[in-house]
Amino acid sequence: MRPLMIFAAGLGTRMRPLTDTLPKPLIPVAGRTLLDRALDLGRDAGAGPVVVNTHHLGNRIAAHLAGRNVAISDEQGTILDTGGGLRQALPLLGRGPKDKSGPVMTLNPDVVWTGPNPLAALNAAWRDDMDVLLMLVPLDRATARQGAGDFSLDGAGRIARGGDLVYGGAQIVRPDRLADIPDRVFSLNRLWDLLIAQGRAHGIVHPGGWCDVGYPAAIPLAEGMLHG
């Protein structure tokens, strides 16, 4: 069983006006909220404990999760971005000073997947010589993606910046190197760059469907993919 952090603290600015009154993780896609879809992936992959961070309309998310054995990492005062948010949540993930290097899973809820469970696939591919393993999606299969790709892979499965592979929003990462970043608010991209430079950042390619549900027009695209 591996801990799972679900990032639900974003402001959802691209999803306005829907997110003026509803946090993006609670937006329904094909009759089920994005957050519940993410929790389903975690449950099916055997994740535990599960932590969800909150900021924008966080009380709505907390109420939605009440009684469901999910811990809340509250970022009400200052949104910490993905790196800072993960570091704050480490005690809730069971990663204290003595075992902070144990890998954890993280998941962005604002995407929809078809095909193999990405978290289960990451668990199956994880090796002890990795510090991070990202789930990647080819740009030509990245439905509703806006912008270029993020990464490329070499023959040993190590990632490099630039290329036609998109970060899909799921990973396994060792959090101990977060201590090397002094800032309180920072993106996990900072950690990835440290690990890429050391050749310890890897990726695998998801074979199924993927849709970035980041703006209102993407919702029907995601629903079409799910029903297809």
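This is a short tour of one protein model, stop by stop, with something to select at each stop.

**Before you start**

The model is predicted, so a few cut-offs apply: local features need pLDDT of at least 70, side-chain atom pairs count only at pLDDT 80 or more, and totals for chains, interfaces and linings use all residues. Residues are numbered from 1 along each chain as its sequence is written, and side-chain values use heavy atoms, with hydrogens and water left out.

**Stop 1: the largest pocket**

Select Lys24, Asp81, Thr82, Asn108 and Asp110. Of the 35 residues that line the largest pocket, these lie closest to its centre. The pocket has a volume of about 860 Å³.

What counts as a pocket here? On a 1 Å grid over the protein atoms alone, a pocket is an open set of points where a 1.4 Å probe fits, with protein on both sides within 12 Å along at least five of seven lines, whereas a cavity is a set the probe cannot get out of; lining residues have an atom within 4 Å of a point. Grid points are joined across faces, edges and corners, and a volume is the space filled by probe spheres set on the points.

Now colour α3 (81-89), β12 (165-173), α5 (188-197) and β14 (210-212): each supplies at least two residues of this lining. Helices (H or I, at least four residues) and strands (E, at least two) are DSSP runs, numbered from the N terminus. Which element gives the largest share of the lining? It is β12, with four residues.

By class, the lining has 14 nonpolar, twelve polar and nine charged residues. Here Ala, Val, Leu, Ile, Met, Phe, Trp, Tyr, Cys and Pro count as nonpolar, Asp, Glu, Lys and Arg as charged, and the others, Gly among them, as polar.

**Stop 2: helix α3**

Stay with α3 and select Gly83, Gly84, Gly85, Leu86 and Ala89, the buried residues of this helix. Buried means under 20% relative accessible area, exposed means over 50%, and partly exposed lies in between (1.4 Å probe, protein chains only). Show their surroundings too: the buried residues of α3 pack against β1 (4-7), β4 (50-54), β5 (71-74), β6 (104-107), β12 and α5.

**Stop 3: the second largest pocket**

Next, select Leu39, Arg43, Val50, Arg68 and Val70. Among the 13 lining residues of the second largest pocket, these lie nearest its centre. About 220 Å³ of space lies in this pocket. Helix α1 (residues 34-44) gives the most to the lining, with four residues. The lining divides into six nonpolar, three polar and four charged residues.

**Stop 4: a cluster of rings**

Select Phe151, Tyr167 and Trp192, which ring pairs link into a cluster. Rings of Phe, Tyr and Trp (its six-membered ring) pair if their centres lie within 6.5 Å; planes under 30 degrees apart count as stacked, over 60 as edge-to-face and the rest as tilted.

How many aromatic pairs does a search of the whole structure find? It finds two. Phe151 and Trp192 form an edge-to-face pair, 6.0 Å centre to centre with 70 degrees between the planes. This pair links distant parts of the chain, with Phe151 in strand β10 (residues 151-153) and Trp192 in helix α5, 41 residues apart. Phe151 is buried, with a relative accessible area of 1%, and Trp192 is buried at 5%.

Tyr167 and Trp192 form an edge-to-face pair as well, at 4.8 Å centre to centre and 70 degrees between the planes. Tyr167 lies in strand β12 and Trp192 in helix α5, so the pair ties together parts that are 25 residues apart in sequence.

**Stop 5: His206**

Move to His206, in the loop between β13 (201-205) and β14. Is His206 buried or exposed? It counts as buried, because its relative accessibility is 1%. Its side chain reaches the backbone oxygen of Pro116 at 2.8 Å. That is a polar contact: a pair of N or O atoms within 3.5 Å, where, within protein, one must be able to donate a hydrogen and the other to accept it, and residues adjacent in sequence count only if both atoms are side-chain atoms.

**Stop 6: Asn117**

Finish at Asn117, in the loop between β7 (111-113) and α4 (118-125). At 16% relative accessibility, Asn117 counts as buried. The side chain of Asn117 reaches the backbone nitrogen of Leu119 at 2.9 Å. Leaving aside neighbours within four places in sequence, Asn117 is in contact (heavy atoms within 4.5 Å) with Leu41, Asp44 and Ala45.
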